[in-house]
Amino acid sequence: FNRIAHDFFDVFEVPVVLGRGLQPGDATSNGIVVNRTFVERMFGGESPLGRRVKYVGRSREAGEGNLVLGRWYEIVGVVKDFPEFAMREDGSDARLYHLAAPEDLYPALMAVRVRGAAPSGFAGRLREISAAVDPNLQLRDLASTEDVLKREQGIMRLIGVTLAVVMLIVVLLSGAGIYGLMSFTVA
């Protein structure tokens, strides 16, 4: 599940396909939004609105092998699968979205949609706005979505290259071992 702000779907332009999105009162009323994959897997495509779900987990306090039941959450809306590029073919990305209370998130991640200007040019103005709201508020790691995506792709590329180098070393050592064994056998 994901803990999000009530306007998360508006910021990322993710349409609510059934019911409604999250509202500020859902933090106390236990309202949640689910994605289409969740609806397909859990309810076979039937309308989930008004249905309730409960988390089941394990707790050290409950003892070995005992399950702990969480509180009930009512489904108030369905959104399309988001982000689409991260969805897996086996449907394992069924998601539940909860409204996060401000005190529940630290550090907080914030997404800002900028229209008509370059995101990098807005960083200074965003710092001014945040300082006007709270002088102690610190904004760190300001980056555009493209920069974040490039950083993640760079990390994945580095992991791929590292694995390729390790595999090449393994193949070369295996070849040297086979050569040594054949040389010894022939001699």
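Residues are classed by relative accessible area as buried (under 20%), exposed (over 50%) or partly exposed (in between), with a 1.4 Å probe and protein chains only. The structure is a predicted model, in which local features need pLDDT of at least 70 and side-chain atom pairs count only at pLDDT 80 or more, while totals for chains, interfaces and linings use all residues. Residues are numbered from 1 along each chain as its sequence is written, and side-chain values use heavy atoms, with hydrogens and water left out.

Two salt bridges (a side-chain nitrogen of Lys or Arg within 4 Å of a carboxyl oxygen of Asp or Glu) are found in a search of the whole structure. One joins the side chains of Arg-51 and Glu-46, with an N to O distance of 3.1 Å. Arg-51 is partly exposed because its relative accessibility is 32%; Glu-46, at 48%, is likewise partly exposed.

A salt bridge also links Glu-128 to Arg-125, at 3.3 Å from N to O. Both residues belong to helix α4, where they stand three residues apart, about one turn of the helix. Arg-125 has a relative accessibility of 46% and therefore counts as partly exposed.

Helices are DSSP runs of H or I with at least four residues, numbered from the N terminus.

In helix α3 (residues 36–43), the buried residues are Thr-37, Phe-38, Val-39 and Phe-43. Gly-44 follows α3 and has a positive phi, near 65 degrees.

Technical notes
Helices (H or I, at least four residues) and strands (E, at least two) are DSSP runs, numbered from the N terminus.
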